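Subject: Structure handover

Hi,

Here is the structure I promised to pass on to you. Please have it open while you read, as my notes follow below.

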Amino acid sequence: MKINNMEQRFDRSKFLIGTYYLSYYAQTEEHVQQLSDANIDFLVAEEYKEELLDLLFKHHIGIFPTGIVPLQRKMFFAYEHLPVKFYERAAEKYVDHPAIWGPFIGHKLNMINFPHYGELIDAANRLFVGQTPYLGLSSSNPEDIGVSETASIAVLGTYSYEEYIDEFVKNINLDYICFEHYTYVSSPAKAFENLEIVANKCRETGRDLWIALQVGNRDKEYYMNCVVTMQMLRFQAYTAMAFGAKSIIWSCWTKGWWDSNVLDEYGNTTKQYKKMCDINRELKVMAEPYMQYINKSTHFLGFSGTPYLTYTKKKAENNISLGDFRDISIDGGSAVLGFFEKEGGQALMIADSADPYDDGIVFANVTFETDKKVSVLKNGKMIKAELVDGKYIIPISQSCGVFVTIE
Amino acid sequence: MKKEKREGVRFDRSKFLIGTYYLWYPAQTETHVKQLADAYIDFIAAEPRNEKLLDLLGKYNIGLFPRNMLPYCQARDNVEVLSVEGYEEAAQNYVDHPAIWGPFVGDEPPMDQFPLFGELMDAFYDLFPGFTPYLNIRPNCIGDMIIAGVSSPLDRYGTENYQEYIDRFVEEVKLDYIAYDNYPYTTLISTFLENYQMVADKCRETGRDFWMNLQVNNRDEKVPVTENMLRYQAYTAMAFGAKMIIWSCWSPAWWQNNVVDKYGNTTTQYGKLCTVNREIKNVGELYMDYSNKSTHFLGFVGSPYVSYQDVVTGEVVSLKTENNIDLGNFKHISTDCGSVVLGYFEKEDGQALMVADSADPRDLGTVNSEISFETDKKVSVLYNGKTMEIEGVNGKYVINLSNSCGVFITIE
């Protein structure tokens, strides 16, 4: 399948951070400024409203709005309920705005609808030239319905997430795969399974990997472990980057589903807002070098005695060599390790994964050997890699992200 | 310590006992009480007495610690009702029933109430000979409350120092057990384990029994506690020498996914509880012959469950972990890559280990690990309540551990 690489309204060479929803009670300029201050690049699934579009554009924020094309809420038999001609009529009525990056097409598609959505995406590409349609896929663990096999069939149309992703790329002409996985209503083990399957397919087909992650949680902010902590945000973001993610979308800014979102029901910032500002600032710094590289493979380093590799094909490794990084090992912890290359350089994204639930504190060291010049960014800050007996030592803890480059 | 008060209690303290909180109307029919018996429940805590229920409980040999037998206080609420005179008046008006094991007298009292409870308990034993008062103290989850802004732990419990809370409790309140509640799936696993350690140490030091309240329910209705999560809680409690566990809750008193719903219908938790309680009862037969001497955290390499940052002091608190240890005639006890809470027990002419697999308390996936030890004694193994054949090679024994299993190993 030929990937549609049309000229786009946003810079795909940047690491882009999005978020779901900015409801009517949070659409003042102050609220949009808050988005901008938190390094949010784009909004997803908020309704097309001219006043909001103007404010977003003023603050250099894009949007994939609803209301441009009709949505198929019930994803069964979309070919009956959502013919291509509906998109053609929508395009005739469409009033463009420079804040719009592309129409929000849908999410959590059932596999049965992929062939028809292939036609709809082709129509969207033809009708909305220069825009990118936003289409999100389910995780293998459709947490809003349940985790039983029956639920899996109802949502995905298959028991196999690998088949689901395979069929998606066979049928749908998009140059990215966007899916959602909410670790804290699912599990780290399922997150790794999903990321492995999607990242493999992205590498194979040259697609970008976009993933929706959670800043909100099902429970209200009351006790520990219910609200997503800074460490839990780091865990989600850095493991996604170790699999080569080029865009992440935080769910949700205002009430979309669950609780403890970034804003409360009155539009006031919650404790999640500062965390969003802090993590996104870090990610943007990390992304500067990160986006110069291409993800080649991802590995699970350590993970001895943990349940987190239950569903992955690739199993735990220790002491591996990747390019000019030799003898990479870890002393007791667990890290997802992404290997990246660019012309004249190589890099590792080390995502500490010993404590995804922010349950305690685990200190570990990742060590490697190389003859090259080493630079290290940890949680968005430059650090000096200690060199002892010819080995570089990188201390990791608390779901930190470390981007190591050698040239 | 009034150890003599243990004599004459209305229930058999030599058995491993399993209780549960609350059996609300409409779950008080004979069918419902039989369900309790079928699930190996020995007693109900905190449910107010009524004669029809008592008769049914008596028929099925289930005990009750009713909340309306004596003036009752929940933390600081209603403390003005507590007095020795109130206890005396209740004793004068008390109508006995053989299903009553004793009154449920209080829940999570603050430290400044300990002198009062000391007086009340002294009076109680004179007023109600043969009965056991049930007094549940608070867990160590101060951090949760600070983060949540629920209330000041200092105001609510009279101290921010949990060790001081336990020390003062045993100094002032003369009971022959310590009962407390800590629910691991609403707090940190590390503080949950530390709480066990603090209470179990105090029980060993003072010769008290250890009673533990655990959770079969959960705050998040979409995340029911699994069978392995029940196992994790029960077997870790046993590794610390617990002699009684109380599941919260049978009826929907708090949180979601209780054992029966508000209409009295059993939920999916019922089958899980039957399975795990059956296992525990099997283990309990042998386990109760032994006395817990120490508990150890074996393995836990790279695990977050043995350290946390104290939210009051900001300090990192780490529990002591070990590997390759000797306990009595168990030599070179070690785990390959697992995390195990390991209880060491003794009886005359015998020693035992309770191995509580703890690599995956949240039941997130699969962890395969093993524990090994050497001994020249005869080895017997109960694995999740079932006898397991085991053969040593040159005196070395290796046991594979599945998620949150409980393995009771005896040598004689």
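Let me begin with A:Asp327, which is partly exposed because its relative accessible area is 21%, and buried would mean under 20%. This is a predicted model, so please read everything here as computed from it. A:Asp327 sits in strand β12 of chain A, residues 325-330. Its phi is near 55°, a positive value in a residue other than glycine.

Some backbone points go with that one. Most residues other than glycine have a negative phi, and most peptide bonds are trans. A:Ser260 is not a glycine either, yet has a positive phi of about 45°. You will find A:Ser260 in the loop between β8 and α10 of chain A. With a relative accessible area of 12%, A:Ser260 is buried.

That loop between β8 (247-251) and α10 of chain A also holds A:Cys252. The peptide bond joining A:Ser251 and A:Cys252 is cis, with omega at about -5°. In chain B, a cis peptide bond links B:Tyr25 to B:Pro26, and omega there is about 10°. B:Pro26 belongs to the loop between β1 (17-21) and α1 (30-38) of chain B.

In chain A, the loop between β1 (16-20) and α1 (29-37) contains A:Ser23. A:Ser23 is buried, its relative accessible area being 12%. Setting aside neighbours within four places in sequence, A:Ser23 is in contact with A:Glu46, A:Thr254 and A:Lys255.

Helix α10 of chain A runs over residues 271-290, which makes 20 residues. From its first C-alpha to its last it reaches 28 Å, close to the 28 Å expected at 1.5 Å a residue. Because 14 of the 20 residues of α10(A) are buried, this helix is largely enclosed by the rest of the structure.

Now for the nonpolar packing. In soluble globular proteins, nonpolar side chains tend to be buried together. Here the largest nonpolar core has 236 residues, and the members that touch the most others are A:Tyr134, A:Trp250 and B:Leu193. The largest share of this core comes from α9(A), with nine residues. Leaving out residues up to four places away in sequence, B:Leu193 touches B:Tyr232, B:Phe240, B:Phe297, B:Phe300, B:Tyr305, B:Leu319 and B:Val341. Another core, of 24 residues, lies apart from the largest one and has A:Phe325, A:Val374, A:Val376 and A:Ile396 among its members.

A:Val336 deserves a look of its own. This residue is in strand β13 of chain A, residues 334-342. A:Val336 counts as buried because its relative accessibility is 0%. Not counting residues up to four places away in sequence, A:Val336 touches A:Phe192, A:Thr239, A:Ala242, A:Phe243, A:Thr298, A:His299, A:Phe300, A:Phe303, A:Met349, A:Ile350, A:Ala351 and A:Ser353. If you want a distance to check, A:Val336 and A:Ile105 are 32 Å apart in space, C-alpha to C-alpha, and 231 residues apart in sequence.

Finally, the cavities. How many cavities of 30 Å³ or more does a search of the whole structure find? The search gives four. The largest cavity holds about 90 Å³ of space. Its lining has 13 residues, and those nearest its centre are A:Gly305, A:Thr306, B:Ser303, B:Pro304 and B:Ala359. By class, the lining of the largest cavity splits into seven nonpolar, six polar and no charged residues.

The second largest cavity has about 70 Å³ of space. Its lining is made up of A:His181, A:Thr183, A:Ala191, A:Phe192, A:Leu195, A:Ile211, A:Leu213, A:Phe235, A:Gln236, A:Thr239 and A:Ala240. Two or more residues of this lining come from each of α8 (188-205), β7 (208-214) and α9 (230-242) of chain A. Of these elements, α9(A) gives the most, with four residues. The lining of the second largest cavity counts seven nonpolar, four polar and no charged residues. Two of its residues have come up already: A:Phe192 and A:Thr239 line this cavity and are also touched by A:Val336.

Happy to talk any of this through.

Best wishes

Methods
Residues are numbered from 1 along each chain as its sequence is written. Chains are lettered from A and ligands numbered from 1 in the order in which they are written. This is a predicted model: local features need pLDDT of at least 70, side-chain atom pairs count only at pLDDT 80 or more; totals for chains, interfaces and linings use all residues. Side-chain values use heavy atoms; hydrogens and water are left out. On a 1 Å grid over the protein atoms alone, a cavity is a set of points where a 1.4 Å probe fits but cannot get out, and a pocket is an open set with protein on both sides within 12 Å along at least five of seven lines; lining residues have an atom within 4 Å of a point. Grid points are joined across faces, edges and corners, and a volume is the space filled by probe spheres set on the points. Ala, Val, Leu, Ile, Met, Phe, Trp, Tyr, Cys and Pro count as nonpolar, Asp, Glu, Lys and Arg as charged, and the others, Gly among them, as polar. The expected span of a helix is 1.5 Å times one less than its number of residues. Buried means under 20% relative accessible area, exposed over 50%, partly exposed in between (1.4 Å probe, protein chains only). A nonpolar core is a set of buried Ala, Val, Leu, Ile, Met, Phe, Trp, Tyr and Cys residues joined through side-chain atoms within 4.5 Å. Contact means heavy atoms within 4.5 Å.
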